[in-house]
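Reader: I would like to learn how to read a few features of a protein model. Please take them one at a time.

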Amino acid sequence: MAEGYVLTHKFDQMSKEVRPLLEVISVFNDLCLLIKEKSCTRDLEATVQKLMVVFGNDFSVLARLLPNIQTISPRLDQLLTDYNKAAKKKGSSSGSSAASKMGVGGGGGGVGVDGDGAGSQMNLRSICFTLQRFVRVVSSKSHPVMLFLDDLQWCDDSALSVIEGILCDVSGSSCLFFVGSYRSNEVKEDHAIFPLIDGLRSSGVPTTNMKLEGLTPLDLNTMISDAMCMFPRICSPLSDIVFQKTKGNPFFVLEFLRSLVDGGLLEYSTPKRRWVWDEDRIAAMDITGNVLHLLSSKMSGLLEDAQLALKVAACFGIKMKESVVGYLSTNSEYSNLQSGLEHVVAEGFMIKDGTSAFKFVHDKVREAAYSLIPDSEKNQGHYRLGMTLYSMTKGRNVDDIIFSIVDQVNHGADDSLVQSLELKLDLAALNEMAGVKAVDCSDYVTARSYFNTALLLLPPNNWETHYDRSLRLSFLFAKSSYSCGDVEKAQAILQIILEECRCIKDKLPAYFLLVTILYSCGKEVDAYTTCHDVLSQLGETIPESVNPKAKANTIEATSKLIQITSENDLFEMKEMDEELAVSLKFYSLMATVAFFARPGMFAFITSRMVSLTMKHGICKHSLLGFIQYAMVCGRKTEKETEGASRIGKIAISCLKKRYDVAELLPKVYLCYYGFVAFNTDALQTCAAMLGQGFDAGMSTGESGTAFLCSVQHMKTSLHTGEKLPSLLDKVDYYLELSILYKNELTSGYLGIIRDTISTLIDKGETTSSKNNSKPDSGKKPAIISESMYFHRAIQAFWLGHSERCHHYIGKVFQINSAIGRLNTTILMFIYGLNSFQVLKRQNTAKLRTIPKNAISALKTATALSRWNFRNKVHLLEAENFSYQGNHEEAKASYAAAITSARCSRFVHEQGLACELAGFHYIKIGDHKSAWSFFNQAKQCYAEW
């Protein structure tokens, strides 16, 4: 692979006991260095550019996962430096904000509601998604990536699930070749390797299974014959004995032959000028059929210092860091460790891996070295090593070897060794430090293990005697469990926290994480009720329901409150105090939940957030509240609509200038570009930003918000006239992920959108999905039913079924849940055009008002965004002129509709305008012009 990248890693027994996921992430981190080393300047710049485009605002997420990414180019290093400076500046400017400062527990050493608290963090799925995106960028047919992972029998579920996710990337756009090896005699039927293999096959990933047996007697004889430069028939007696002893295992064969040479049973005879051997003595050797016996026997003959070095190194796994050697060597018990390791290297048992570590040449060599320690002394040996490192490094920065220290202590610690409370608390602090380090490395499986161990080291009455530490560790344990996908465990720990906490302030992070979990599990009503309960405890009064009149009055009062507020006013506003900032965070989450669970309360909640901000100061969640409020602002007049867009824009601008918004970015993009921006911004821009919102949400663990972004992305893209085959690929990608994540709400939405795309391409004849049946008419939430009826109306319109289209539009208006959405405006456009077809069969006064209302609504929309809606007004007016017999005005309006649709890149509506113009010219007898327009329409539809 001269132009590709080869990644290799070997797991060992210590990997399984500690952190295989971290090792997998580390492999991809090393890929960054390999890319820089092997790429020419042109390819490197192209890769950097693609990384910046693909990751955009969430590049910091990638950098957190793969720190070496910044070494690829000074541009990336500068990008991350600028981001960190901005984040630090924004963090310091937030003053005493609860969003950045508030801790839990009386001692101040608690967990904040944000930051280390209940804010978003990566989880196994977001790690997998981020690595998928990275591999898509850096791999290609010209630069493929080969990943070889050896000894997968020592790999755990979490690491293998990430590997499976990368290989089963449903976008299918990466160029990754994976080779994994494991010893079949060292895995049980329930090992995670087998689900990995089944998962790859069920996802359609081409797989090949190869079973490597030992060398056959003939092959072994050929190998020995070549090695000794002798005829095969002469070597045959020796090779037969070797085969009987080793069963043809290549590594075993080599070690056995070396042992024969060392023992003088196989030697080169100078007089005879060939190799000679003692067949009887070799045949009589008892090697118990195990290569470990050979190796350990040889090791037992080494000097005492060398044997100690082997034992110590074996306790740390396949590799031992140079820094660990340095710290241990300062202790009298291990003072000769360095010289012992050098002797071991000279004997060929280990090699020097660069300047940073000593590494065993084979995992069987490591096993043999470990077997030198009697089983009864292994735990104590690990513990002694860990405590020695701990004592030698106390008071120093041990960030680089914290895992080594804690792993050794935990491996050997038991009640007989750790008895004093003071020592237990010290070890609990060490485990907490290691857990936080693991979280920083995005290894939540390992972090969960460390936090759990820390909790177990606390005394039985820990909540009474060590309240702050118990609270902090319990919350970290719950959060890491949630990030690992263990929702039940996380909820159980959170319930304990809520029962043991002494005040509402200490319960807040647990409550927030609990609501996040309930919402992500589809329990919106429970999530809403919990938010309501917490806010009530914080002194907020929230009614059970709000009638339409009160709702309208609330919106009107809030609009007056902020109608003259400028971006500078928000930016200069004082920081909100801690308690209210926490309330705003819960209000923000409550608003998200209410949008689905209690839509009638959405306006009240967002209005309350704006009101509290204007009265008491600002925090980042109150700015999200402004954007959420913009979603429900009045849409009756041009002024109201413009006001909503203005509020959304200044809130986003202030949010980016004043705060670190990585955590809120998915929600911000969803709320603004999904429900507000279409009034003023180009639909293509809105669609692109919603796509970024999906990527940001999936990368930061906000999968619920990410999938809502995917729905809005597909809906908006459909209205832009994006090519339907491309849309079909995208919706299938989103749909497969939503099914994988068991997000039924998103799957329902996307299934409806997919049905429309498939119908528009070829009436579903070749593009229908085997996994998705057409939406049924069973009982559904109003918001899903509205979407279903909307799309059935769209399908009927484009297929020319005017009566059916009219029927489904009426169904949508009966539900009336789409206040201020893009669908409402598009529907009015379709309603107006379709009514002209219905009028040909039933000319009623009610039907005649529909085009007038449609033109009026679209003109209001056009006043703010000519790009999005001008062509629609022209086409409605053209149809109206044609209906009224004003042929010259109709010609001018059709031409204007075609031109403006072309300028806005709405190819589907350009084709529609050409088609309707063709029918108009047939009506007035100009068949030549009609043919020209029909031909243009055909070309546009073909492009669509």
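Reader: Let us start with one residue. In which strand does K10 lie?

Author: This is a predicted model, and in it K10 belongs to strand β1, which covers residues 5–10.

Reader: Which residues does K10 touch, not counting residues up to four places away in sequence?

Author: K10 is in contact with E23, D150, D151 and D363.

Reader: How is empty space in a protein found?

Author: Rolling a probe the size of a water molecule over the atoms shows where empty space is left. In this model the second largest pocket holds about 1700 Å³ of space.

Reader: How many residues line the second largest pocket, and which lie nearest its centre?

Author: The lining has 50 residues, and those nearest the centre of the pocket are H9, E23, S26, K319 and K321. E23 is also one of the residues that K10 touches.

Reader: Which helix gives the most to that lining?

Author: Helix α2, residues 20–38, does, with 10 residues.

Reader: How do the lining residues divide by class?

Author: There are 21 nonpolar, 18 charged and 11 polar residues in the lining of the second largest pocket.

Reader: Now to helices. How is a packed pair described?

Author: Two packed helices are described by the angle between their axes and the distance between the axes. Take helix α11 (residues 232–246) and helix α12 (residues 250–262): their axes come within 10 Å and cross at roughly 120°. Angles of 65 to 115 degrees count as roughly perpendicular and those over 145 as roughly antiparallel, so α11 and α12 are oblique to each other. The crossing of α11 with α12 is right-handed.

Reader: Which residues make the contact between α11 and α12?

Author: From α11 come V242, K245 and T246, and from α12 come F252, V253, F256 and L257. Five residues of this contact are nonpolar, one is polar and one is charged.

Reader: At what angle do helix α40 and helix α41 cross?

Author: Helix α40 (residues 802–815) and helix α41 (residues 822–839) cross at roughly 140°, with axes that come within 9 Å. This angle makes α40 oblique to α41. Here α40 passes α41 in a left-handed crossing. Among the contact residues are I809, V812 and F813 of α40 and L827, I830 and Y831 of α41. By class, this contact has nine nonpolar, four polar and one charged residues.

Note on methods: Residues are numbered from 1 along each chain as its sequence is written. This is a predicted model: local features need pLDDT of at least 70, side-chain atom pairs count only at pLDDT 80 or more; totals for chains, interfaces and linings use all residues. Side-chain values use heavy atoms; hydrogens and water are left out. On a 1 Å grid over the protein atoms alone, a cavity is a set of points where a 1.4 Å probe fits but cannot get out, and a pocket is an open set with protein on both sides within 12 Å along at least five of seven lines; lining residues have an atom within 4 Å of a point. Grid points are joined across faces, edges and corners, and a volume is the space filled by probe spheres set on the points. Helices (H or I, at least four residues) and strands (E, at least two) are DSSP runs, numbered from the N terminus. Ala, Val, Leu, Ile, Met, Phe, Trp, Tyr, Cys and Pro count as nonpolar, Asp, Glu, Lys and Arg as charged, and the others, Gly among them, as polar. Axes are lines fitted to C-alpha atoms, for helices over the stretch in contact, and angles run from 0 to 180 degrees between N-to-C directions. Angles under 35 degrees count as roughly parallel, over 145 as roughly antiparallel, 65 to 115 as roughly perpendicular and the rest as oblique. A crossing is left-handed if the near helix is turned anticlockwise from the far one by less than a right angle, and right-handed if clockwise. Contact means heavy atoms within 4.5 Å.
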